[in-house]
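Take a look at the chain below. We will begin with one residue and then widen the view.

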Amino acid sequence: MAISDGGGKVLAYLESRKNLTGCACGLVGLVLTFTSVAGPYWPVVVVGLYGAGALIAPPERPALPDFPDPSAQLDEVRGDFERLEAYLADVELPSAATARLTELTGLLRALLEPGWVAAVLAQDAEGVHALSRAVRQDVPEAVDAFVRTRWWHRMTPGQEPPERHLERQLALLHEEAQRLATALRETEARRQESHTRYLEDRNR
């Protein structure tokens, strides 16, 4: 393994900018030698030019991490949303909570729908993160917490009904999703206004 690592480092250096620049400068030294400019000190000249070239060469720039682009992230969230819907279909909720959940999932589905809306959303990293958090964490946690708390409430009645918390949580999540949709609409409105100003300026 050590030999393999060492060989890889040698090969990497041979292909590096420092070595290539140094070799180019060393060739200049050889040319000076063949034209009798370097004289008897040609080895020193060649080595010196190689070293100088290696020093002035720009440093190697490591490759950037290959993170998925926002569109790929949305595809993953879309798949998770389908799994979330399958989970919610098996959960029994009170009618009021069901109505709020239907509104919320309808809005999330519209935001995730492939097309120009998703294309606009893909340009908003914070929006993608908020949508991902709602699908993967907030909604399933709210519903699961209600299911677990409802069981305890049946065992020990007299406490605040858990559906009130669920309804409030779903209302807050809907407000967040609505703010995201509003922000996307305003982005498109600014784009339209910008195009109008461009056309007006072009026709003056």
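Predicted model: local features only at pLDDT ≥ 70, side-chain atom pairs only at ≥ 80, totals over all residues.

**A buried arginine**

Arg-150 is buried, yet it forms no salt bridge. Its nearest side chain of opposite charge belongs to Glu-92, 5.2 Å away.

What does the side chain of Arg-150 reach instead? It reaches the backbone oxygen of Glu-92, at 2.9 Å. Leave aside the neighbours within four places in sequence, and Arg-150 is in contact with Glu-92 and Pro-162.

Now place these residues. Arg-150 sits in helix H7, which covers residues 125-155. Pro-162 is one of the buried residues of H8. Others in H8 include Leu-166, Leu-170, Leu-173, Ala-177 and Leu-184.

How far apart are the end C-alpha atoms of helix H8? They are 60 Å apart. Helix H8 runs over residues 162-202, which makes 41 residues. At 1.5 Å a residue, the helix should span 60 Å, so the two values agree.

Step back to the whole chain. The protein chain has eight helices and zero strands. From the N terminus on, its elements run α-α-α-α-α-α-α-α. Of its 204 residues, 27% count as buried. Take the contacts between residues at least 6 apart in sequence: 72% of them join residues at least 24 apart. The protein chain exposes about 14,200 Å², and carbon and sulfur atoms supply 60% of that area.

Conventions: Residues numbered from 1 in each chain as written. Heavy atoms only, no water. Helix = DSSP H or I, 4+ residues; strand = E, 2+ residues; numbered from the N terminus. Buried < 20%, exposed > 50% of the residue type's maximum accessible area, 1.4 Å probe, protein only. Contact = heavy atoms within 4.5 Å. Areas by Shrake-Rupley, 256 points an atom, 1.4 Å probe, with all protein chains shown as cover. Lys, Arg positive; Asp, Glu negative; His and termini not counted. Salt bridge = Lys/Arg side-chain N within 4 Å of Asp/Glu carboxyl O. Polar contact = N/O pair within 3.5 Å; in protein donor to acceptor, adjacent residues only side chain to side chain. Expected span 1.5 Å × (residues − 1).
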